[in-house]
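Student: Could we go through this structure slowly, setting each description against its definition?

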Amino acid sequence: MDESEILIKAALHILRVKGDAGFTVHDVLGEAGLRTRAFYRHFASKDDLVIAAFAEGAKAEAIRLRRRMAHAAGPVPGVVAWIDARLELGFDQRVAANLRPLSQEAERAHGRFPAHLRLSFDRMLAPLIEQLQQGQLDDSFGDLSPAEDALAIHQVVWGVVEQRWSGFPLRYRETREQVLRFCLGGLGVDASVLHSAVLHNGDARPKD
């Protein structure tokens, strides 16, 4: 493992332990066992490190999403699996522990690095886009634009996640149903298929 990888690993650990409040280069260097010179050999600033760490986090999240979607029996269940997996960030503390502080720190750095962050978000959106493209081919969905609609679905789900992180008392089952009805309805999913998709797996992971 080279120095940059050690620093990224240390940053991810510090963020998991301390959260984004008070996250400093000094903390990262202490965790990594490296000196300041080593840091500036690889990163120009703390924000540079955050973007690199977020890229690693996004890579791991994309793997988690694909794993959750692996057994989906078609595009509609695939979209549902992606939404369910992302909703876990708001309703499952074990899942949120890894990405919440990293996402919040990356949001702070967004103004300086929008393009870099978009690449990481694209990695997480890719499995959803693939399902939308497949559904476009087999007529599971109505007329759509996979990349744009995937981003819209992400924005709906992420809004729920951020509300939960802010302390809004949203209940999992009701929120999940509303999100699925809104997103799948917007994709033109047939009413009977939508009803089945909303009911499927709704109680598999209690969140409240």
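Student: Which residues does His154 touch, not counting residues up to four places away in sequence?

Tutor: With that exclusion, His154 touches Trp82, Arg86, Phe121 and Leu125, where contact means heavy atoms within 4.5 Å. Please keep in mind that this is a predicted model, in which local features need pLDDT of at least 70 and side-chain atom pairs count only at pLDDT 80 or more, while totals for chains, interfaces and linings use all residues. Residues are numbered from 1 along each chain as its sequence is written, and side-chain values use heavy atoms, with hydrogens and water left out.

Student: Where does His154 lie, and why is His154 called buried?

Tutor: His154 is placed in helix H8, residues 146–165, helices being DSSP runs of H or I with at least four residues, numbered from the N terminus. Buried means under 20% relative accessible area, exposed means over 50%, and partly exposed is in between, for a 1.4 Å probe and protein chains only. His154 has 10% relative accessibility, and therefore counts as buried.

Student: How do you know whether Asp27 is buried or exposed?

Tutor: Asp27, which lies in helix H2 (residues 25–32), has a relative accessible area of 18%, and is therefore buried. The buried residues of H2 are Val25, Asp27, Val28, Leu29 and Ala32, and what covers them includes helix H1 (3–18), helix H3 (36–42) and helix H4 (46–69). Just after H2, Gly33 takes a positive phi of about 70°.

Student: Which term describes how H5 and H8 lie to each other, and why?

Tutor: The axes, which are lines fitted to C-alpha atoms over the stretch in contact, with angles from 0 to 180 degrees between N-to-C directions, come within 8 Å for H5 and H8 and cross at roughly 20°. Angles under 35 degrees count as roughly parallel, over 145 as roughly antiparallel, 65 to 115 as roughly perpendicular and the rest as oblique. H5 and H8 are therefore roughly parallel to each other. By class, their contact has 12 nonpolar, two polar and two charged residues, where Ala, Val, Leu, Ile, Met, Phe, Trp, Tyr, Cys and Pro count as nonpolar, Asp, Glu, Lys and Arg as charged, and the others, Gly among them, as polar.

Student: What makes a set of residues a nonpolar core, and which members of the largest one touch the most others?

Tutor: A nonpolar core is a set of buried Ala, Val, Leu, Ile, Met, Phe, Trp, Tyr and Cys residues joined through side-chain atoms within 4.5 Å. Of the 62 residues in the largest one, Val79, Trp82, Ile83, Ile153, Leu184 and Leu187 touch the most other members. The largest share of this core, 10 residues, comes from helix H5 (residues 75–91). Not counting residues up to four places away in sequence, Trp82 touches residues including Leu65, Met69, Ile153 and His154.

Terms used
Helix = DSSP H or I, 4+ residues; strand = E, 2+ residues; numbered from the N terminus.
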